[in-house]
Amino acid sequence: MNRQLTPPACLLEPLPAYREYPQTEMVDRARAFYGDLVRRRTVRDFDTRPVPREVIETCLLAAGTAPSGANQQPWFFSVITNPEHKRRVREAAEVEERSFYQERAPQEWLDALAPLGTDWNKPFLEAAPVLIAIFAQKYGVHRDGPLKGEKFSHYYVPESVGIAAGFLIAALHHAGLATLTHTPNPMSFLNKLCGRPSSEKAVILLVVGYPKPGCQVPVHGGIKKPLDQIAAWM
């Protein structure tokens with residue numbers, strides 16, 4: 001059946017809670033924010049201490065404020081804290097990682113990873129108190145109204161989910177937690193473990209927690225490109 005519905009009218013409201021600052025304060029705030037983020041480092045040695053659930057939930061809400069194509073918010077976050085679930089995630093991830101490091105990865109890729117000291121063994125997937133599987137939703141389904149149950153397209157899905165993931169990482173760091181962006185390939189095992197439909201694709205397994213006392217990180221990870229290599233004025 002072909003259904004023709006009139007698109008809803010665009011409703012407008014005053015820009016909520018916008019704040020403008022004097023230029024000197026703008027510079028100070030920008031520098032302070034950069035100073036906070038430049039401290040962020042990817043961590044692989046996690047303490048087992050639990051993280052307050054409210055902290056994770058609030059950071060997820062922050063991620064959910066990210067802009068997205070047509071404001072369709074094509075993301076879903078599965079939070080994994082149960083030790084048995086984390087064990088199963090580690091086992092499945094290490095199967096893919098072992099295949100990658102021992103069979104599938106080209107030498108150029110292995111050479112690029114060498115300064116970070118990574119391999120197929122991923123103990124942090126069990127040690128860290130929180131894993132967040134980030135899924136990209138290929139399409140949506142109407143939940144109510146005359147089109148209930150029918151699919152509709154999502155737009156700019158990779159871009160939208162990438163922005164939301166960035167918001168989440170920044171929010172977790174700002175709250176005082178460390179993170180690791182883990183991306184075993186393929187990641188389809190997460191759909192089964194997290195009970196997510198085939199219409200969603202896992203894109204990042206974010207490892208979250210406190211750094212272990214005495215935690216060390218690769219020097220290479222702290223080397224960032226200078227401004228003139230990542231931006232230009234025209």
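Helices here are DSSP runs of H or I with at least four residues and strands are E runs of at least two, both numbered from the N terminus.

**Figure 1. The whole predicted model, before we zoom in.** This is a predicted model, where local features need pLDDT of at least 70, side-chain atom pairs count only at pLDDT 80 or more, and totals for chains, interfaces and linings use all residues. Residues are numbered from 1 along each chain as its sequence is written, and side-chain values use heavy atoms, with hydrogens and water left out. The protein has 8 helices and 6 strands, and they run along the sequence as α-α-β-α-α-α-β-β-β-α-β-α-β-α. Its C-alpha trace spans about 60 × 50 × 40 Å along the principal axes. Take the contacts (heavy atoms within 4.5 Å) between residues at least 6 apart in sequence: 80% of them join residues at least 24 apart.

**Figure 2. A look into the largest pocket.** This pocket has a volume of about 750 Å³. On a 1 Å grid over the protein atoms alone, a pocket is an open set of points where a 1.4 Å probe fits, with protein on both sides within 12 Å along at least five of seven lines; lining residues have an atom within 4 Å of a point. Grid points are joined across faces, edges and corners, and the volume is the space filled by probe spheres set on them. There are 32 lining residues, and those closest to the pocket centre are R44, Y101, T118, K122 and L180. At least two lining residues come from each of α3 (83-104), α4 (107-113) and β5 (178-182), with α3 giving the most, 5 residues. Sorted by class, the lining has 12 nonpolar, 10 polar and 10 charged residues. Here Ala, Val, Leu, Ile, Met, Phe, Trp, Tyr, Cys and Pro count as nonpolar, Asp, Glu, Lys and Arg as charged, and the others, Gly among them, as polar.

**Figure 3. F77 and the largest nonpolar core.** A nonpolar core is a set of buried Ala, Val, Leu, Ile, Met, Phe, Trp, Tyr and Cys residues joined through side-chain atoms within 4.5 Å. The largest one holds 25 residues, and I56, F77, I132 and L168 touch the most other members. Two or more residues each come from α2, β1, β2 (130-137), α6 (157-174) and β6 (200-209); α6 gives the most, with 8. A second, separate core has 21 residues, including I80, F135, A178 and C194. Back at F77, and skipping neighbours within four places in sequence, the contacts are L60, A63, I132, A133, I134, A164 and L168.

Figure 4. Most residues other than glycine have a negative phi, and most peptide bonds are trans. A70 sits in the loop between α2 (53-63) and β1 (75-80), and N71 is found in the loop between α2 and β1. Are they buried or exposed? A70 is exposed, at 60% relative accessible area, and N71 is exposed as well, at 53%.

**Figure 5. The cis peptide bond at P186.** N185 and P186 are joined by a cis peptide bond, with omega about 0 degrees. P186 lies in the loop between β5 and α7 (189-194).

How values were computed:
Buried means under 20% relative accessible area, exposed over 50%, partly exposed in between (1.4 Å probe, protein chains only).
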